[in-house]
Amino acid sequence: MSFSSEVKKELVSQDSQPRHCAVAELAGMLAGAGRICKKQGAVHIAFTSENEKITQKYVRLVTSVSGIDAGISQAYHIQQKNKNSYLAEVAEEAAEKLLQILKLQKRLEQSADCAQMPASRLLLQKSCCKRAYLRGVFLAAGSMSDPKKSYHFEIVCETAQVAKQAQEQLNCFELDAKIVSRKNHEVVYLKEGSQIVDALNIMGAHTALMDLENVRILKEMRNDINRRVNCETANINKTVSAAYRQQQAIRFLQRQGALSGLAGPLQEIAALRMEYPEAAIGELGALCIPKVGKSGVNHRLRRLEEIAGQMGYVKKE
């Protein structure tokens with residue numbers, strides 16, 4: 001089962017309480033995957049999903065918020081492009097009652113014969129209702145990538161109105177949701193791992209949140225280890241390269257017979273570098289008599305290279 005499916009499985013098992021939150025969640029589900037039609041004076045509300053559990057939750061919400069006998073809403077299979085879809089419908093007087101509860105009567109009258117509508121703002125005044133709405137719209141039209149591969153949270157909307165509303169509700173919780181057009185749809189998305197964690201918390205997917213956090217912690221640990229290894233490797237390579245360059249300059253001075261004429265400290269550091277070719281600067285300083293700091297050792301080694309350069313030595317990397 002995908003990570004997205006696990007999130008939805010957790011959200012489906014939750015029941016919105018109190019009633020105003022259940023209404024907001026139902027409005028979110030309809031905004032994401034519902035369709036409200038008016039044909040020959042009769043209202044028809046349909047909800048479609050490829051997930052049977054999600055459709056069953058929609059039916060439960062309809063029953064709980066409207067008092068309508070669940071028997072009037074039937075969930076059944078329809079075969080479409082080799083995928084099972086599940087359809088729940090409410091029609092005529094029951095649909096009129098549901099529209100009244102959802103405060104969508106006027107919108108239906110002003111819209112086309114068949115439309116997907118955003119939730120009424122009157123249902124989204126409280127923070128708890130905003131959370132319930134986001135849970136509903138994500139169940140109906142959302143998905144997430146596997147956090148082990150990438151961080152991506154999205155809600156695919158048929159209309160710009162629904163996308164704008166979902167974006168606004170997410171951003172009410174100090175998130176930074178963006179919208180992008182994709183294949184005649186408007187997609188609301190989050191890309192930051194920390195913001196996706198917050199979105200899961202907002203919707204109430206706490207188990208999925210902990211799973212995602214564990215993945216994030218492991219990723220950060222691996223990245224930190226890789227950064228340290230890369231840094232240490234770079235430092236080692238730099239040290240080895242510098243030591244090789246210094247030894248070549250010292251050998252040149254030896255061949256020219258110029259080393260014995262140099263000052264005592266320069267002769268000392270040259271001898272130590274040749275005797276301990278892999279030693280770090282600090283280690284060479286500790287071997288000097290008296291001991292010399294890193295800056296002092298660096299100065300002496302640079303001076304040896306300068307003298308060799310003045311005598312015609314060409315550096316070899």
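The entries below go through the salt bridges I looked up.

Entry 1. I noted that the model is predicted. I then looked up the count, which is 13 salt bridges.

Entry 2. I looked at arginine 135 and glutamate 25, whose side chains meet in a salt bridge at 3.4 Å, N to O. Arginine 135 is in helix 6 (residues 127-141) and glutamate 25 is in helix 2 (residues 19-33), so the pair, 110 residues apart, links distant parts of the chain. Is arginine 135 buried or exposed? Arginine 135 has 10% relative accessibility and counts as buried, because the cut-off for buried is under 20%. Glutamate 25 has 0% and also counts as buried. I also found a network of salt bridges that links Glu25, Lys57 and Arg135.

Entry 3. Next I took glutamate 220 and arginine 216, where the salt bridge is 3.8 Å, N to O. Both residues lie in helix 9 (residues 206-255), four residues apart, which is about one turn of the helix. Glutamate 220, at 48% relative accessibility, counts as partly exposed, whereas arginine 216, at 16%, counts as buried.

Entry 4. I then checked arginine 245 and glutamate 305, which form a salt bridge at 2.7 Å, N to O.

Note on methods:
Residues are numbered from 1 along each chain as its sequence is written. This is a predicted model: local features need pLDDT of at least 70, side-chain atom pairs count only at pLDDT 80 or more; totals for chains, interfaces and linings use all residues. Side-chain values use heavy atoms; hydrogens and water are left out. A salt bridge is a side-chain nitrogen of Lys or Arg within 4 Å of a carboxyl oxygen of Asp or Glu. Helices (H or I, at least four residues) and strands (E, at least two) are DSSP runs, numbered from the N terminus. Buried means under 20% relative accessible area, exposed over 50%, partly exposed in between (1.4 Å probe, protein chains only).
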